Amino acid sequence: MGRDSLHARLRTATGPAHQALEDSLDWRARVATLPGYRTLLARLHGFHAAWEPVIGAELADDAFLAPRRRLALLAADLQHLGLSADAVAALPLPMLGGREGPVLRGPAAATGALYVLEGSTLGGKVIGRHIADLHGLSGAGLAYYRAHGPAAGSMWAALRARLEIFADDPAAEAVLTGAAVATFAAMRAWLSPAPEGAAGP
């Protein structure tokens, strides 16, 4: 039998962290009301605002990353749901190690983090349909969860293929995997529901 693909190994290695994120997110309860949906989008905006620039700097391949950036989609959704552009720009970012945003060093780490962000586009299609049915939204207000639209499958396949660049370098694979696990954990911490009674954006 041949060796598993790096994607298969990565999926296994990140499985517990991915499941922990899914278990804590409680997205159906979060999006049950429009204010709750807006609060979730605001937290996602903070996460992407912190991660996307660092991934971009370390990946150093804007042609690959540009169509995968979703910060502007989140900003558009939030403005459609009533936040001003200034309010969106002032939304908080996650703090890690006393600084805003992650520490990623090199293309392997950036690819590991991007794997997590891109993977969310697949499950996001289900969430987007649920929100559309629940709140009567169409294109406006759903840009983040609609993400790549019909191109989602091909873009995910392209990312999976890119993972294999690191398949024959155990050190790079370890860095990539560690970054993916850390990104799942950071997303879980940042997106966990606020304590009852805490103010939203």
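How close do the axes of helix α3 and helix α5 come, and at what angle do they cross? This is a predicted model, where local features need pLDDT of at least 70, side-chain atom pairs count only at pLDDT 80 or more, and totals for chains, interfaces and linings use all residues. Residues are numbered from 1 along each chain as its sequence is written, and side-chain values use heavy atoms, with hydrogens and water left out.

**View 1. Helix α3 crossing helix α5.** The axes of α3 (residues 34–59) and α5 (residues 71–80) come within 9 Å and cross at roughly 155 degrees. Axes here are lines fitted to C-alpha atoms over the stretch in contact, with angles running from 0 to 180 degrees between N-to-C directions; helices are DSSP runs (H or I, at least four residues), numbered from the N terminus. That crossing makes α3 roughly antiparallel to α5 (the word is used for angles over 145 degrees).

**View 2. Who touches whom between α3 and α5.** On the α3 side, look for Y37, R38, L41, A42, L44, H45, H48, A49 and E52; on the α5 side, L71, L74, A75, D77 and L78. Contact means heavy atoms within 4.5 Å.

**View 3. Helix α7 crossing helix α9.** The axes of α7 (residues 107–135) and α9 (residues 152–163) come within 10 Å, crossing at roughly 155 degrees. So α7 and α9 are roughly antiparallel to each other.

**View 4. Where α7 meets α9.** From α7 come T111, L114, Y115, E118, G119, L122 and K125, and they meet A152, M155, W156, L159 and L163 of α9.

Note on methods. Helices (H or I, at least four residues) and strands (E, at least two) are DSSP runs, numbered from the N terminus. Angles under 35 degrees count as roughly parallel, over 145 as roughly antiparallel, 65 to 115 as roughly perpendicular and the rest as oblique.
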